[in-house]
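Student: I have just opened a new structure and would like to go through it with you. Could we take it piece by piece?

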Amino acid sequence: MSSQPDPAFEFAGSSTSRETLLAEINRLHAENVELKQQQQQVFLYIRQKVDQMLGVIGTIPLKPEELDDETLIELDPIGIISNSFAQIVEHLHETNEELQITHDELQAIFDSAPIGIIVLDVKLQILTCNQNAEKYLMQECTDVIGQKCHKAICQKESFPDDCICLSVLRGGATCQKRGWLIKDRYYDVIGTPLLNVGGEVSSVVLVYVDVTTQRRLGQEMARTLKLESLGLLAGGLAHDFNNSLAAILQNVTLARLHSDPVGKVKNWLEKTENAAFKAQHLTKQLLTFAKGGMPVVQEVAIDKLVRETASFALSGSNVQCVFSIPQDLWPTRVDPGQIDQVVRNLIINGDQAMPEGGKIEVTCRNRFFTENDLLAILPGNYVALTISDNGFGISPENLDKIFDPYFTTKEEGNGLGLAISHAIISKHQGNIVVKSELGVGTSFEIFLPAIDPTASETVEPSGAQLPAGSGRILVMDDEEMVCEATADLLDFLGYSISTAADGREALRLYQEALDRQEPIDIVILDLTVPGGMGGEECLRELRRLDPDVVGIATSGYCNNPVMSNYLDYGFKGVLPKPCKVEKMAQLIEELLKK
């Protein structure tokens with residue numbers, strides 16, 4: 001018979017195993033507690049990170065009572081948020097591309113703006129600039145970035161007292177400056193501050209507008225107004241003086257013609273005539289100022305005129321004149337006397353600027369101007385005449401004043417030479433500009449309208465002999481002594497003379513001659529008759545009586561366009577007061593032959 005083990009005996013016999021088991025159970029329990037704690041920490045960490053990511057994308061964080069931990073894990077929020085962030089990153093990429101396109105568009109507008117734009121930081125160092133600003137700075141943008149504005153823009157070692165950049169930076173408000181001279185050009189400048197979120201100036205934007213052309217046009221207009229005001233006075237004086245001079249000269253000429261050809265009296269009278277014509281030169285200078293006084297132009301080989309005038313003006317001087325004139329220089333239509341006066345003035349100025357001797361360079365060239373050129377001149381072909389010296393030069397503060405009437409820096413100067421020159425060139429539809437630097441010299445450049453060389457005229461030289469005349473001439477002039485002196489001269493030449501004091505009397509005498517069938521061959525008509533009918537109106541009435549009437553216009557004041565465009569008004573020639581008897585005789589003879 002078998003026996004069964006006693007449980008009590010078995011349990012008691014394994015006390016060591018039981019303790020081991022209990023220890024293992026306790027260990028597992030503790031490990032389970034620790035794992036639960038770690039699980040809670042993991043859930044808490046996950047929930048915190050999920051809440052952070054939800055906060056980034058603007059979603060309300062999840063509460064434990066709304067979503068327990070097990071459900072949270074099952075929903076895979078990190079995966080969801082990861083996908084959301086992927087979408088956000090893709091959207092940001094698209095946004096960046098759009099921003100880049102917008103940036104490129106703004107950069108294109110920035111660079112193509114017809115104004116100069118420069119951006120400075122708070123240290124007034126250049127951050128960037130557009131392409132037009134590069135033109136003003138005469139440097140590439142990359143070369144000026146980081147430079148102080150006074151060095152890059154003003155080309156000075158320190159900030160000037162009137163620095164607009166400093167004014168904007170210190171005041172925190174927009175400032176503007178008009179007529180800012182930078183490198184021989186004028187600009188209107190506006191400085192604007194850019195503020196940060198704290199309201200402090202973070203940068204300064206300068207906007208430049210080139211107003212050089214407008215300023216020059218304004219100066220030209222102001223100068224023209226000054227000249228016209230002076231011309232009102234000068235023209236009236238010159239007109240009266242020329243009438244008196246004409247009477248004196250014609251009577252002196254009559255006395256010379258009647259004097260002994262080999263006696264001293266004739267020599268004295270010839271000297272008197274020459275002195276009278278020198279006085280006429282002074283009135284021509286005054287007449288240049290007269291309002292509307294246009295030059296009497298003809299085709300002129302400007303190279304020959306310039307060489308002769310310059311050489312004569314430097315006779316006996318220690319200054320050398322060097323010419324550079326091409327053979328294919330275009331011809332011009334100018335008043336040779338007036339252009340001679342301009343060249344002489346400029347050559348004499350250059351000579352006086354070099355008392356110790358030096359060199360004057362005279363150059364001519366053909367130029368074509370378009371509407372885009374900055375010079376205040378009409379588009380077309382021009383002859384450019386440059387006269388340069390290496391004399392004292394002109395200070396910048398005086399450079400804008402040299403063409404003003406009566407402005408001079410010379411002790412013995414009258415301030416009219418350059419003003420007259422400017423007026424002459426303007427009346428020729430040309431322009432004159434000057435460049436100068438102290439201690440280096442001065443250069444004047446004149447632009448005269450050129451004509452087509454293929455359409456040039458042949459100018460025949462005039463003779464000096466007095467031809468014997470025959471024919472009937474009517475002289476109309478309101479100045480009695482001029483009228484009588486002219487009649488006496490023409491009578492001496494052999495013509496039959498009638499005289500009239502105004503246009504209406506001339507009409508009556510002309511009609512009476514027609515009625516007697518003794519028609520008048522030529523009428524010489526004074527254009528200006530105060531309070532009466534002048535020569536222009538008289539000729540219109542005469543052409544109604546006789547369409548073939550031959551009229552000569554005469555005047556002591558070249559303010560009337562008839563003197564420069566006489567053919568347009570029906571006249572066949574002109575005689576300025578005073579004029580040489582040889583010229584008068586030659587013109588009458590030529591008209592009678594026709």
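Student: Which residue in β2 does I118 stand opposite?

Tutor: I118 stands opposite C129. Please keep in mind that this is a predicted model.

Student: Which way do β1 and β2 run, and how many bridges join them?

Tutor: Strand β1 covers residues 116-121 and strand β2 covers residues 126-129; they run antiparallel and are joined by three bridges.

Student: What about the hairpin: how many residues are between the strands?

Tutor: There are four residues between the strands, and in this hairpin L124 takes a positive phi near 60 degrees.

Student: Now to the open sheet. What is the order of its strands?

Tutor: The order is β14-β13-β15-β16-β17, five strands with parallel pairing. The edges are formed by β14 (496-500) and β17 (573-576), each of which pairs on one side only. From one strand to the next, the twist averages 20 degrees.

Student: How many bridges join β15 to β16?

Tutor: Four bridges link β15 (residues 522-526) with β16 (residues 551-555), and the two run parallel. Within this pairing, V523 has G551 in β16 as its bridge partner.

Student: Which strands does helix α16 touch?

Tutor: Helix α16 (residues 503-515) packs on the sheet and touches β13 (472-476), β14 and β15. The direction of α16 makes about 140 degrees with that of β14. Helix α18 (residues 581-593) also packs on the sheet, where it touches β13, β15, β16 and β17. The direction of α18 makes about 170 degrees with that of β17.

Student: And α15, what span should it have?

Tutor: Helix α15 (residues 480-493) has 14 residues, so at 1.5 Å a residue it should span 20 Å. The C-alpha atoms at its ends are 20 Å apart, which agrees.

Student: Which residues of α15 are buried?

Tutor: Among them are V482, C483, A485 and T486, and also A487, L489, L490 and L493. Just after α15 comes G494, which takes a positive phi of about 110 degrees.

Student: A change of topic: how many aromatic pairs does the structure hold?

Tutor: The structure holds four aromatic pairs. In one of them, F369 and Y382 have ring centres 5.5 Å apart and planes at 80 degrees, so the pair is edge-to-face. F369 lies in β9 (residues 358-369) and Y382 in β10 (residues 380-389), so this pair ties together parts 13 residues apart in sequence.

Student: Is F369 buried or exposed?

Tutor: F369 counts as buried because its relative accessibility is 3%. Y382, at 3% relative accessibility, counts as buried too.

Student: What are the distance and angle for F369 and F447?

Tutor: The ring centres of F369 and F447 are 5.1 Å apart and the planes are at 90 degrees, so this pair is edge-to-face. As F369 lies in β9 and F447 in β12 (residues 441-449), the pair ties together parts that are 78 residues apart in sequence. F447 counts as buried at 3% relative accessibility. F369, Y382 and F447 form one aromatic cluster.

Student: Finally, what is the average pLDDT of the protein?

Tutor: The average is 79, and 79% of the residues score at least 70.

Student: Where does pLDDT stay under 50?

Tutor: One such stretch is residues 7-13, for which the model has one contact beyond four places in sequence. Over residues 457-464 the pLDDT is also below 50, and that stretch has seven contacts beyond near neighbours in sequence. Where pLDDT is low, the predicted coordinates should not be read in detail.

Methods
Residues numbered from 1 in each chain as written. Predicted model: local features only at pLDDT ≥ 70, side-chain atom pairs only at ≥ 80, totals over all residues. Heavy atoms only, no water. Pairing = 2+ DSSP bridges. Axes fitted to C-alpha atoms, helices over the stretch in contact; angles between N-to-C directions. Contact = heavy atoms within 4.5 Å. Expected span 1.5 Å × (residues − 1). Buried < 20%, exposed > 50% of the residue type's maximum accessible area, 1.4 Å probe, protein only. pLDDT = per-residue confidence, 0-100. Phe/Tyr/Trp six-rings, centres within 6.5 Å; stacked < 30°, edge-to-face > 60°.
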